[in-house]
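Trainee: I would like a close look at one part of this model. Please take one chain and follow it through to its partner.

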Amino acid sequence: MARAQRAQLVSIVILATAICAAAEVRKEFRFTVRPRAAISITNQYGPISVRPSIGSQVIVVAILHSDKVEIDHDQNGNRVDILSHLLSETTAETGRVDYEVMVPADASVTLRSTTGLLRAEGLHGDVILEGSQANVEVHDISNAHVHVKTLNGLVTLSNIRNGHVEITSVGGNVVLNSVSGPHVQVNSTSGKIRYDGDFGNGGEYYLASHTGDIEASAPSDASIDVTARSVRGKVENDFPLEPKHTPFAVKAGSAFAGTMNKAASSVRLFSFSGKIHLKKR
Amino acid sequence: MNCTEFQEILSEFFEGGSNDEQKAHLQACPICSGLVADLDLIAREARQLQEFNEPSPRVWNSIEIALRREGLIRERQRGPSLVPPVTRRWHLAWLVPVATVVLITFGILVYQRGPREPQSVAQAPAAVSAPVANLQTSKAPLNVNNEDQQLLEAVGSRSPAVQAQYASNLQNVNAYIRDAEASAQADPNDEEAQQVVMDAYEQRATVYEMALDRSLP
């Protein structure tokens, strides 16, 4: 009797798996592009992951979770556009498409999604990522612009070298690990901002949040000219800074300013009610 | 006398009644003297307008001949032609000062309404308020309720589940804008505070951009 029940259970599981597998459709598209191609992918529901390819091929693998969504693809010259085309009465489940994309490392990439994870890694072309609820991960990017816009998604950038980084996050937290560049700017309304790196050698870093805390960790040999202010929150500093002139009145506990080593990079930290902490690593 | 008082008596001024105080203000104030010069020009142009628009007698004769040829005028009228007699034309001369007064009044009204125009434009609901670091403009209360309400309705009609998130985000960014503007007003020389005003408006623009993006739900 027990064996019969177990056999029934296994049959149901196999059947359910088969139904799910049958509903999913895998599609693959290949495009040949020239150097510095522009790749754009818009996917309402589901993740997009982009990695570097070898050669001049753009390879798009899409897993469609139902027949309520189609893939529109178009190549015009050196520009490739991919769009998840939702058909009528589509939900977040039935409209979901999972993208795995490989592009030449010098391609510039624009990814947009509402809910799915947006991920780009190993590129040295410009990366633009936008999503309202989507989490964003960017790794191992060099000599490129990295622009991120999100409402509530978590933004994680790591190992970005010589980057021109601009992050606008309304409510999502932002984490930067080993991010350096001529320009690094993060602006948030309520998200927390955490920076862990050495602030490079000659860049401008501006981290601002209305109510979110800002925590920046740097080694003791960091070369920075730092200004930190929180209108209603507290500020803390672990470094022995050389005092410097500021255009505003420095109030102990709510602002500090000074230089360290050769002051090669400018660092500005600003919040209204968040706590700011410049930590020694 | 200030500009407002002077502009209130503009009509009387053009009718010839001006006292020393008004004349002194006119000499001292480039705005009011410019206004008077403009209105004076309008009045002169209006007088010439009547002369330009009056067709010559030859035109009237040509029309009469054409109408007779077509048979539309069968019986000769008492007057020799359709040309209005000189006396009748003089009767219309009263229109010239009337038109002048109307034009001057119109000019005054337009001038006085001038500064209010941008306010009504700023209240247009479809547009996102532009980033404004200017402290003078930031004194006006931020009219966000209608705009935000419309945005939330648009979001709710497409995706009711995320409407609450947008409402919360809008509330937060509006608080950000209020704080940023207050901070910038407290110290107009603080460049960073001015930058933060821009940052706050950028946040609001991002919320609108995401909400109105038609390619995403």
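Trainee: In chain B, what share of the contacts with a separation of 6 or more comes from residues 24 or more positions apart?

Mentor: Keep in mind that this is a predicted model. The share in chain B is 61%, counting contacts with a separation of 6 or more.

Now the chain itself. Chain B has 12 helices and zero strands. Read along the sequence, its pattern is α-α-α-α-α-α-α-α-α-α-α-α. Chain B holds 217 residues, and 17% of them are buried.

Next, the contact with chain A. Chain B puts in 22 residues, and chain A puts in 21. Two helices of chain B, helix 11 (163-186) and helix 12 (191-212), each supply at least two residues of the side that touches chain A. Helix 12 of chain B gives the most to that side, with nine residues.

The largest nonpolar core has 85 residues. Helix 12 of chain B provides the largest share of this core, eight residues. In soluble globular proteins, nonpolar side chains tend to be buried together.

The residues with the most contacts inside the core are in chain A: A:Val109, A:Val127, A:Val138, A:Val146 and A:Leu207. Take A:Val127. Leaving aside residues up to four places away in sequence, A:Val127 touches A:Val109, A:Ala120, A:Val138, A:Ile141, A:Ala144 and A:Val146.

Conventions: Residues numbered from 1 in each chain as written. Chains lettered and ligands numbered in written order. Predicted model: local features only at pLDDT ≥ 70, side-chain atom pairs only at ≥ 80, totals over all residues. Contact = placed C-beta atoms within 7 Å. Helix = DSSP H or I, 4+ residues; strand = E, 2+ residues; numbered from the N terminus. Buried ≥ 20, exposed ≤ 12 C-beta atoms within 10 Å, placed from the backbone. Core = buried A, V, L, I, M, F, W, Y, C linked by C-beta atoms within 7 Å.
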